[in-house]
Amino acid sequence: MAVTIKDVENIAKLAKLEFTDEQKEKFLHQFNDILKYMEQLNSLDTSNVEPLSHVIELSNVFRADEVKPSTPTSEALKNAPEKNDKYFKVPKVIG
Amino acid sequence: MPLNEKYEAVIGLEVHAQLSTKSKIFCGCSTEFGNEANSNVCPVCLGMPGVLPVLNKQVVEYTIRMGLATHCTIAPKSIFARKNYFYPDLPKGYQISQYEEPICRHGYVDIELNDGSTKRIGVTRIHMEEDAGKSIHDMDTDTLVDVNRCGVPLMEIVSEPDMRSAHEAYQYLYSIWQTVKYLGICDGNMEEGSLRCDANISVRLKGEMTFGTKTEVKNMNSFRNVERAIEYEINRQIQMLEDGERIIQQTLLWDAANNVVLPMRSKEEAHDYRYFPDPDLVPVIVEEKWIEEAKRLLPELPAQRRSRFIDQFNLPKYDAGVLTQERELAEYFENTVNGLVKKSSDNYKTISNWIMTDVLRVVNESKMAFADFSVTPSHLAAMVNLIIEGTISGKIAKEVFDEMLKTKEHPKVIVERKGLTQISDTSAIEKEIDAILSKFPNEISRYRSGEVKLMGFFVGETMKVMKGKANPKVVNEILQKKLSV
């Protein structure tokens, strides 16, 4: 199944990114190359292999329900391009 | 044919319950509600690059408990997934949730219908996830974001589309609410958003096997709103179909002030969340031993407690239902019963009556917790004991109860201080009755010629003279004796 320009545009939209037609064309080829490689993997018979979600064989890594000190608000807001007092400020979402 | 007989509604609910843990699901920040904006945050919940989430074990414990209480199968292995979307209240750009392998599946909840019958509602799945932050749209010309709620643990309970009316949806939600409260895993406060409910609703002609197009209704932040919003949406869809219109699949918001649903401006136009396993969180393996231990820790659940109240205390079904609504209330009843001098069905019923009327009236009016209620179970039991022993009448007890509310004193102290002891001394009562009867010869002859309801008049007169302190049983006996020919 090959990727179309429309798929590229949809993925760009989901990532909130904009591209020129040339860039889209470039991604189209790259995406399709990746898929072609995946096709190659598909030629393996994996019907008896359990799907793998993690490459390291670890499970049940937990922490106890204990409160640890948080980051001071001023520190947390330090990298924010815009703020209002104790809040992060972003372009109007709705309204 | 009336429209509600021609069509039937198909309803499924998604309930989000905020788990009562002290710290967040993947970091040690506090989950406390109402703190200063962006004060319960750290690199993990702020979504800084390179940080690693670590799962709070209590979240798993609590979700397993809910799974067991709703008869789910607990998955031996479950994993977390990333649900990707961009919204300012989600700093990482994805929500950590469970997708293909949730921790609980295939359970059910039994609800009671109006006719007294029971209906089984399927629970498709229960999974763990993190909450998003909060966007504030009215404090600035731009949108402000508070990340405190980001990473607060949630448990999402998804039902099968098994409900057929707004009332059934209400009953199901009530049962979920009651269960999380009994388990002590969520405070159940719908107004504060600790328990949130979204409904998927469609309608179809009765007898039809396929589902109609569904809509999703959100923003119903009370039990009453859930019932009203679903009712509204069912009728809206039926009306559209009757008018030959097509239902559009969309998300709607309930506007409680105007009693309507409004289309929501969508967060993301295409719902393409591109779920994939979160590589930062390793699988959760739940072995049989863990499940057995969780079963052992389960408290008695509402339905079990209700049938026990009926069996053990011989209470009517209605009383048992009211008294087991909340765990604290059920405990209040049982602790009061423990203080009784004489255990009998009649006395259990007396306590039930006092709690259902007087205690609940005060508790509901003041919205106070049972732990803070001024009349303790042992004091209430002591007061009922005074009634059983004949020291005070039921009527005087009302006065004692009101005083207990105010002063928190032991009922015996109140009875002594206010001189409320009931007079059971036959000769003293007889003396007063003789005096009264001599004043009403006409009434006596009317009574004797068949106007038996005048008995109430004589009892009333006696009580008036004796300031309500005469033992009503003794008064009745003496009057019966003296008035019979």
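Tutor: Asp319(B) is buried at a relative accessible area of 3%, where buried means under 20%, exposed over 50% and partly exposed in between (1.4 Å probe, protein chains only). This is a predicted model, in which local features need pLDDT of at least 70 and side-chain atom pairs pLDDT 80 or more, while totals for chains, interfaces and linings use all residues. Residues are numbered from 1 along each chain as its sequence is written, chains are lettered from A and ligands numbered from 1 in written order, and side-chain values use heavy atoms, without hydrogens and water.

Student: Which side chain does Asp319(B) meet in a salt bridge?

Tutor: Lys349(B), at 2.6 Å from N to O. A salt bridge is a side-chain nitrogen of Lys or Arg within 4 Å of a carboxyl oxygen of Asp or Glu.

Student: Is Lys349(B) buried or partly exposed?

Tutor: Lys349(B) is partly exposed, with a relative accessible area of 29%.

Student: Which residues do shared partners join into one network?

Tutor: Glu300(B), Arg305(B), Arg308(B), Arg327(B), Glu331(B) and Glu334(B). Within it, Arg305(B) and Glu300(B) have their closest N and O atoms 3.6 Å apart. Arg305(B) is buried at 8%, whereas Glu300(B) is partly exposed at 26%.

Student: How many salt bridges are there over all chains?

Tutor: The count comes to 40.
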